[in-house]
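Please read them alongside the sequence and the coordinates.

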Amino acid sequence: MQHEDYMRRALELAQRGMGFTSPNPMVGAVIVRDGKIIGEGWHKKYGELHAERTAFAYCDENGIDCTGADMYVTLEPCCHHGKQPPCTDAVIEHGIKRVFIGSADPSVRLTRIPWYQARE
């Protein structure tokens, strides 16, 4: 599979949230290591876990280590506190190596300082 295939899968997952996530967007996430999908998630319902945290929960529940994996997510992971904690914290805590995003988060709550630099 190629980058486009993983992002396409994330988009498919995001659609599962249609009609349940408003006012938040539909978001899907796929975690990949060594060319294999090891975790998936989507934002299922407003107020519940975001897609990234749903994918991490799957991995955690199944004893899958995400360290060094890539993440494909349809929307830039949030870096602010709302009904859920920042997804960027979970990305860093799980040792994700690279994050591929479908689109930047247009939220005015973002500082536009690259959150991924916090890792370096």
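Predicted model: local features only at pLDDT ≥ 70, side-chain atom pairs only at ≥ 80, totals over all residues.

1. Four strands make up an open sheet, ordered β2-β1-β3-β4, with mixed pairing. At its edges are β2 (36-42) and β4 (98-101), each of which pairs on one side only. From one strand to the next, the twist averages 20 degrees.

2. The pairing of β3 with β4. Strands of a sheet pair through backbone hydrogen bonds, in either a parallel or an antiparallel sense. Strand β3 (residues 70-73) and β4 pair in the parallel sense, over four bridges. Within this part of the sheet, D70 stands opposite R98 in β4.

3. The helices. Helix α1 (residues 3-15) lies across β1 (28-33), β2, β3 and β4, and runs at about 145 degrees to β1. Helix α2 (residues 51-61) lies across β1, β2 and β3, and its direction is at about 130 degrees to β2.

4. Searching the whole structure gives two aromatic pairs. One of them joins Y6 and Y72, with 5.1 Å between the centres and 40 degrees between the planes, and is classed as tilted. Because Y6 belongs to helix α1 and Y72 to strand β3, this pair ties together parts that are 66 residues apart in sequence. Y6 is buried, at 4% relative accessible area; Y72 is buried too, at 3%.

5. What is the arrangement of the rings of Y72 and F100? Their centres are 4.7 Å apart and their planes are at 10 degrees, so the pair is stacked; the cut-off for stacking is an angle under 30 degrees. Y72 lies in strand β3 and F100 in strand β4, so the parts tied together here are 28 residues apart in sequence. F100 is partly exposed, because its relative accessible area is 23% and the buried class requires a value under 20%.

6. The cluster. Taken together, the ring pairs link Y6, Y72 and F100 into a cluster. Y6 is in helix α1 and Y72 in strand β3, while F100 is in strand β4.

7. Charges over W42. Which residues lie over the face of W42? R16 is one of them, at 4.7 Å from the ring centre. K44 also lies over the face of W42, at 4.7 Å from the ring centre. W42 falls within the range given for edge strand β2 (36-42).

Note on methods. Residues numbered from 1 in each chain as written. Heavy atoms only, no water. Pairing = 2+ DSSP bridges. Helix = DSSP H or I, 4+ residues; strand = E, 2+ residues; numbered from the N terminus. Axes fitted to C-alpha atoms, helices over the stretch in contact; angles between N-to-C directions. Contact = heavy atoms within 4.5 Å. Phe/Tyr/Trp six-rings, centres within 6.5 Å; stacked < 30°, edge-to-face > 60°. Buried < 20%, exposed > 50% of the residue type's maximum accessible area, 1.4 Å probe, protein only. Lys NZ or Arg CZ within 6 Å of the ring centre and 35° of its normal.
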